[in-house]
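Subject: Structure for your review

Dear colleague,

Please find below the structure that I am handing over to you. My findings follow directly after it.

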Amino acid sequence: METGFNSSPVTKGVLFRAVKPVAAAIRERIKPTAVAERREDKMEYLLKRALDLGAEKAKIIDTETVVVAEWVRWKCQYGCPLFEKDPFHPPFAPDAESTKKVLKEYTKAILLNGPNGQTLSEAAVKLEGEAYHRGYYKAFALTALVPSGGAACAPVSSPGAT
Amino acid sequence: MENELTTQDKQRIEESIRGKYLKVAASPEGLFRYPTGRAGLEALNYAPDMVRGLPEPVAAAYCGVGNPFTLGPIREGEAILDIGCGAGVDSIIAAKLAGPSGAVTGIDLVPEMLARASENARLAGVDNATFQESSAEQLPFLDNSFEVVISNGVFNLVVDKVKALGEVYRVLKPGGRFMLADQVLAGELPKETKARVDNWAR
């Protein structure tokens, strides 16, 4: 808006108003940057969530350290009461070769540890969802066996690269 | 464009500002192309009651280029910074609007103008306005100090306007208002740096 008070032939008097955004507005404006959360921060968050969800221990591992062996399938096929009972067990569960191939598509996994297999499985499934929403779209939960006296583990594989 | 100026250019600009406003501190009459004093205040639609309440020497010192108070209210209790307060007329008006629980700080480069501002505040019976020497480019205040920053006919004289605007942003509280009356270029600048420097404060 011009004031009509011009101090020279080449200038005009004007009015100008600006408001400094309040904190909430500033946060809103920088949200896209905040969403680009550092990878380390995301993994730390997921580890903490794993403990919140009931795991006693949670650790990031390289998927290449996961050993996949054929004998496990045989042990399940001959002696496991859940054989042929559901998709999580042989013969419907993925075989060793397929599992090796899939693991190669990932670089990192979160290994959960605790005494209750069901709790770990539920935690792993929830973590899969939370990891997905943080940009790990390939995150996939591998569930744990029910407790049998020893500790159970449920890994959630998460891609380091797409 | 301002970055093309040398340190010597900037010093010459500051000297010319000080020289001009040393005269303005005595009286702005005849030094500007637009009405000054009470006539200027009235032409710019300052609140009539406020203008009537200003002692004659205070009103006579006015040489603003616009009325920043038309850009929004000053509320009771607010902290206000007046950048380039000159003889303090806007500072005094802001201090009256903010009331006893509010406070105004006026800054200026020219000590003679600051002395005039302090005297004018005394004449106007305002005791919640203080004045100090400072550049707009480096404000001696903490972050988030003021609800309102006003300025009238000053930013056109500031050499590093980006830096000064950054300082305004820094010292304003979140939600704080910057209410500026100023001159903008509406024609061609002199091509020669020397001519630009010579004409900076004219």
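A:Val14 has B:Asp182, a residue of S5(B), as its bridge partner in this predicted model. Strand S1 of chain A, residues 11-19, pairs with S5(B) in the antiparallel sense, and the pairing runs over 9 bridges.

The contact between the two chains involves 20 residues from chain A and 29 residues from chain B. On the side of chain B that touches chain A, strand S5 (residues 172-185) gives the most, namely 13 residues. That side consists, by class, of 16 nonpolar, 8 polar and 5 charged residues.

Chain B itself has 8 helices and 5 strands. Read from the N terminus, its elements follow the order α-α-α-α-β-α-β-α-β-β-α-β-α. Chain B has 202 residues, of which 45% count as buried. Among its contacts between residues at least 6 apart in sequence, 71% join residues at least 24 apart.

I then turned to the interior. In soluble globular proteins, nonpolar side chains tend to be buried together. Here the largest nonpolar core has 59 residues, and B:Ile80, B:Ile92, B:Ala94 and B:Val149 have the most contacts inside it. Helix H5 of chain B (residues 89-98) gives the most to this core, with 6 residues. Another core, of 18 residues, lies apart from it and includes A:Ala55, A:Ile110, A:Leu112 and A:Ala123.

Which residues does B:Val149 touch, not counting those up to four places away in sequence? They are B:Leu81, B:Ile83, B:Val168, B:Val171, B:Leu172 and B:Phe178.

Yours sincerely

Terms used: Residues numbered from 1 in each chain as written. Chains lettered and ligands numbered in written order. Predicted model: local features only at pLDDT ≥ 70, side-chain atom pairs only at ≥ 80, totals over all residues. Contact = placed C-beta atoms within 7 Å. Helix = DSSP H or I, 4+ residues; strand = E, 2+ residues; numbered from the N terminus. Nonpolar A, V, L, I, M, F, W, Y, C, P; charged D, E, K, R; others polar. Pairing = 2+ DSSP bridges. Core = buried A, V, L, I, M, F, W, Y, C linked by C-beta atoms within 7 Å. Buried ≥ 20, exposed ≤ 12 C-beta atoms within 10 Å, placed from the backbone.
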